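Hello,

Here is the structure I promised to pass on to you. My notes follow just below it.

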Amino acid sequence: KQWYQRRVAITAGNSDFKDRRGSSKDADSVKELFGKLGFYVESQKNLTKAKMDKLIDMMVNFQGLNTYSCFVAVFLSHGENECLNCVDGQDKKIDDIINAFKGDNCPALNGIPKWFIIQACRGKDFNYEVSIQHDAPGDEGHDVERQSDKPISIPACADFYISYATAPGYYSFRNINEGSWFINDLCKVLKMYAQKEDVNTMMTRVNRNVALGRVVGSEYGHRRQMPCHVNMLTSALYLCGVRQSQI
């Protein structure tokens, strides 16, 4: 278990759309959460494509970035087809954002855990609920021994953890008063468990809370949401630094 003392979080929230009420609540919640978790937080709002590119360039070339031991970037916006919508009507590909921080483009973050949180739709499909049957035993995890405690090199895409509000192709939901389902449950879980659980374990809790605890009903059926995560970490990521009573 590693305790990170120098951490930086960047938040970019686009709420200047006529139909994106509640996004400002997400931005405020995320900023407060990571601030209380001991992160230095840099927040920007309502970015055009040019300002989004400038922000990413600023993050990649952040002074003293190699002295930080954890990096978090949060993006809040409309989205579709694996892109984020900017307020000037242009799109920014999520892959382009992630690629900018890979080891061959941002060597300062090599070996440092990088957590990207994407609150945006990934399509227009709705995730309708289905029934389940328990007819198979659960799989047991298996530990894999490391070949060396001191690897000479690592893949350029190592040490990334990417959290999407929803699965590819699907819509994500937002409450105009409480903010998005995903960010709301993410903040609740981190406030409760950040002192004792790693990010992957906490995000499994978020998955369950969103998938089972939230639903929108209509004449066409009940619609749900399933967060999705890509784990390329080489060790468990713990977010520690303040006492539980302070969060």
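**Starting with T234**

T234 is exposed, at 53% relative accessible area (exposed means over 50%, buried under 20%, partly exposed in between; 1.4 Å probe, protein chains only). Please keep in mind that this is a predicted model, where local features need pLDDT of at least 70, side-chain atom pairs count only at pLDDT 80 or more, and totals for chains, interfaces and linings use all residues. Residues are numbered from 1 along each chain as its sequence is written, and side-chain values use heavy atoms, with hydrogens and water left out.

You will find T234 in the segment after β13 (228-231); strands are DSSP runs of E with at least two residues, helices runs of H or I with at least four, numbered from the N terminus. Leaving aside residues up to four places away in sequence, T234 touches A158 and D159 (contact means heavy atoms within 4.5 Å). The side chains of T234 and D159 are joined by a polar contact of 2.5 Å, that is, a pair of N or O atoms within 3.5 Å, where within protein one must be able to donate a hydrogen and the other to accept it, and residues adjacent in sequence count only if both atoms are side-chain atoms. I154 lies 80 residues from T234 in sequence, with 9.4 Å between their C-alpha atoms.

As for the whole protein, it has five helices and 13 strands, and 46% of its 247 residues are buried. Among the cysteines, C106 counts as buried at 1% relative accessibility, while C157 is partly exposed at 30%.

Best wishes
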